[in-house]
Amino acid sequence: MTSPKPKTTQTMKPETAAKKLGVLLSATPAEFQEGVVSRDELNELQSRPPAWLADLRRNGPHPKQVVAAKLGVSISGLARGGITEPLTTAEIDALKAENPAWLERERSIQAETRKEELRLKQR
């Protein structure tokens with residue numbers, strides 16, 4: 001009879017944890033960037049975000065996947081629009097208010113893509 005193996009703690013790199021939290025790694029505190037994050041720590045950060053995490057989520061700077069979602073475009077659409085750097089919430093709001101031609105075009109492309117995906121899914 002073999003004895004049960006002790007449970008190992010699942011850990012991830014800070015880059016992975018930042019992506020799962022929807023924040024830009026370079027904007028996180030140094031101790032977060034330099035350590036490893038366990039699954040339990042990630043769950044804790046998600047359920048009870050500390051002030052630094054809540055502030056990052058609220059004000060940014062945001063990673064490209066969050067910027068794209070807030071603008072209602074794809075990540076490729078951001079690149080086509082010339083947005084290559086992380087943006088803050090204020091910058092995203094300013095872009096929405098300005099509503100440049102590229103943003104309108106990319107939003108319509110995204111809407112068409114979603115409509116087509118839904119149509120194919122319903123077949």
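A: One term to begin with: partly exposed means a relative accessible area between the buried limit, under 20%, and the exposed limit, over 50%. E116 is partly exposed, with a relative accessible area of 34%. Keep in mind that this is a predicted model.

Q: What does E116 form a salt bridge with?
A: R119. Their closest N and O atoms are 2.6 Å apart.

Q: How far apart are R119 and E116 in helix α8?
A: Three residues, so about one helical turn separates them. R119 is partly exposed too, at 42% relative accessible area.

Q: How many salt bridges does the structure hold?
A: Four. One of them joins the side chains of K115 and E112, at 3.6 Å from N to O. K115 and E112 also sit three residues apart in helix α8, about one helical turn.

Q: Is K115 buried or exposed?
A: Exposed, with a relative accessible area of 53%. E112 is partly exposed, at 48%.

Q: Which residue does R80 meet in a salt bridge?
A: E106, with 2.8 Å from N to O. R80 lies in helix α6 (residues 75–80) and E106 in helix α8, so the pair ties together parts that are 26 residues apart in sequence.

Q: Is E106 buried or exposed?
A: Buried, with a relative accessible area of 4%.

Q: New topic. How many aromatic pairs turn up in a search of the whole structure?
A: One. F32 and W52 form it, and the pair is tilted. The ring centres are 5.5 Å apart, with 55° between the planes.

Q: Why does that pair tie together separate parts?
A: Because F32 lies in helix α2 (residues 30–34) and W52 in helix α4 (residues 51–59), parts that are 20 residues apart in sequence.

Q: Is F32 buried or exposed?
A: Buried, with a relative accessible area of 8%. W52 is partly exposed, at 26%.

Q: Now the backbone. Which peptide bond is cis?
A: The one from G60 to P61, with omega near 10°. P61 lies in the loop between α4 and α5 (64–71).

Q: Which residue has a positive phi although it is not a glycine?
A: N99, with a phi of about 45°.

Q: Where is N99?
A: In the loop between α7 (89–98) and α8 (101–121). N99 is partly exposed, with a relative accessible area of 27%.

Conventions: Residues are numbered from 1 along each chain as its sequence is written. This is a predicted model: local features need pLDDT of at least 70, side-chain atom pairs count only at pLDDT 80 or more; totals for chains, interfaces and linings use all residues. Side-chain values use heavy atoms; hydrogens and water are left out. Rings of Phe, Tyr and Trp (its six-membered ring) pair if their centres lie within 6.5 Å; planes under 30 degrees apart count as stacked, over 60 as edge-to-face and the rest as tilted. Helices (H or I, at least four residues) and strands (E, at least two) are DSSP runs, numbered from the N terminus. Buried means under 20% relative accessible area, exposed over 50%, partly exposed in between (1.4 Å probe, protein chains only).
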